[in-house]
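I opened the notebook to record a few look-ups on charged side chains and helix packing. The entries follow in the order I made them.

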Amino acid sequence: MKNKFYITTPLYYVNSPPHIGHSYTTVAADTLARFHRNMGDEVYFLTGSDEHGQKIAKAAASAGLSEKAFTDNMVSIFIGLWKSLDISYDDFIRTTDKRHSAAVELVLTILHKNKDIYMDTYEGWYCTPCETFWTDMQVSQDCCPDCRRALERIREDNYFFRLSYYQQWLIEHIQSHPDFIRPVSRYNEVLSFLTTNTLTDLCISRPKSRLKWGIEIPFSTGHVTYVWFDALINYISAVGFGYDEAKFKKYWPADLHLIGKDILRQHAIYWPIILKALGLSLPKMIFAHGWWMVGKDKMSKSRGNVIDPLRLVDAYGVDTYRYFLLRDVPFGLDGTFSNEAIIKRKNSDLANDWGNLTHRTATMVEKYFSGKLPEQGSIKENQLKRDNDNLEAQLRKALEAVDFTAGLDALWLVISEANKFIEDTKPWNLLKENKTEELNSFIMLLVSVIRNVSRALTNFMPQSAKSISEQFASNIIKKGVPLFPRIEVK
Ligand code: MSP
């Protein structure tokens, strides 16, 4: 039987167009989705848009549009970017979809009936841009501990979700599932937060007098649902919760929620507790990656330092962009974006190493074999052959551990060994000395390496890998045009 692999990205806020940070999570998820599909798994790759809440309502108002018209337009911009980045998602969920709002209403009804949701008066601080409540203890200098902008003091009747009741259970779940939160630094962060703080119940509604743009609370005419409570439910509403039992049974629980570290608490604390209260299983893994920074700041719309991924795709090509994102920074750590860094990756790893290997090999097939590969001679045991034979296993191990760096390291080790193998073997001498057997075996090892590496690279760089795979697929090989032309820097 086929394995299923259900992978998700966060639902991005569509208050403004996407930047490098959003594309990072999505490209990473796409690479894993492609890898699992290539392994024969039945993949469900979900992404989408988070459309409710004050942030969106404000953005729509300042654009002079209705929320619906504003989000429709923004969603088309996100979808356009995903197309340009070759994102192979299976489903795009909008929190304004009927399937989603129906599921949210069902969740609210169940939790209310079970008394996990109750009404109370809330008094405290509220950060509108972050849509987050803060207690007196968390706040200093009247500004938001996260974004440092001004807070509002509010007092209102709201619905609360009983987080606190489940705290001990969550601690035990995390302790008994070491892979539940990754990388280990984030695992430790969540566990230490939970063991040193007492959770307060989560306010999950907003009075309509303050905010109308949200999913109505089914048991109150005066409230809409808090945007985070609404959004998290997408992970089950997309796969049939409440309307398609067979689909839900097939895909839930998710195998991997890929997120940035900024939204770890919502995913590693609120979400598991919501699921527990519903009697549903928990996702197998939540992986929180680091941030793209510009200088010392996180790249974000509110800091005004965002870079449009489409500009980079135009300048460097989509595959170079995808490769750069996953190669330049160990997945899990923060990274700094610069044009110099992406140019360096393109020139050295792609043009010099990989591009050169394929180009030199095709040229040799033309020159020494008139474009036709010889019969497979026996290939002598050597380090390159061993590493090439191990490549698939290495890549599998790395990507199953969400370690793009280790996966690409393994590929580039073989690529550089192959380049060195050409220099050490000196094929022109083999030809001169009529060592046909050796020359055959030499070229066949290189071709095997290229076939292997390009197959592996279809996960990372689908377009160029496909074209190299096709170039080297049959026994007749033609010299192509270089896929990664060097960028000359003045
Ligand atoms: N709508 C919520 C998520 C709801 S999920 C049920 C949200 N949206 S967001 O548009 O702000 O996107 C946050 C996510 O975008 C991060 O978790 C991360 O995946 C990505 N990134 C946004 N800025 C980023 C960086 N500067 N660097 C890396 N990724 C970042 O939060």
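Which residue forms a salt bridge with Asp-389, and how far apart are the closest N and O atoms? I looked it up in the model, which is predicted. The partner is Lys-385, and the closest N and O atoms are 3.2 Å apart.

I then checked where the two residues sit. Asp-389 has a relative accessible area of 52% and is exposed. Lys-385 comes out at 18% and counts as buried. I noted that the cut-off for buried is under 20%, so Lys-385 at 18% falls in that class.

I found Asp-409 and Arg-327 joined by a salt bridge, at 2.8 Å from N to O. Asp-409 is in helix α15 (residues 404-425) and Arg-327 in helix α12 (residues 318-328), so this pair ties together parts 82 residues apart in sequence. For accessibility I read 38% for Asp-409, which is partly exposed. Arg-327, at 13%, is buried.

I looked up another salt bridge, that of Arg-360 with Glu-423, and its closest N and O atoms are 2.9 Å apart. Arg-360 lies in helix α13 (residues 339-369) and Glu-423 in helix α15, so parts 63 residues apart in sequence are tied together here. Arg-360 is partly exposed at 25%, and Glu-423 is partly exposed at 42%.

I also noted a network of salt bridges that links Glu-51, Lys-68, Asp-72 and Arg-94. For the total, I recorded a count of 33 salt bridges.

Last entry: helix packing. At what angle do the axes of helix α5 (residues 167-176) and helix α6 (residues 184-196) cross? I read roughly 150 degrees, with the axes coming within 10 Å. Angles over 145 degrees count as roughly antiparallel, so α5 is roughly antiparallel to α6. The crossing of α5 past α6 is left-handed.

I listed the residues that make the contact. From α5 they are Gln-167, Leu-170, Ile-171, Ile-174 and Gln-175, and from α6 they are Tyr-187, Val-190, Leu-191, Leu-194 and Thr-195. Sorted by class, the contact of α5 with α6 has 7 nonpolar residues, 3 polar residues and no charged ones.

Methods:
Residues numbered from 1 in each chain as written. Predicted model: local features only at pLDDT ≥ 70, side-chain atom pairs only at ≥ 80, totals over all residues. Heavy atoms only, no water. Salt bridge = Lys/Arg side-chain N within 4 Å of Asp/Glu carboxyl O. Helix = DSSP H or I, 4+ residues; strand = E, 2+ residues; numbered from the N terminus. Buried < 20%, exposed > 50% of the residue type's maximum accessible area, 1.4 Å probe, protein only. Axes fitted to C-alpha atoms, helices over the stretch in contact; angles between N-to-C directions. Parallel < 35°, antiparallel > 145°, perpendicular 65-115°, else oblique. Left-handed = near helix turned anticlockwise from the far one by under 90°. Contact = heavy atoms within 4.5 Å. Nonpolar A, V, L, I, M, F, W, Y, C, P; charged D, E, K, R; others polar.
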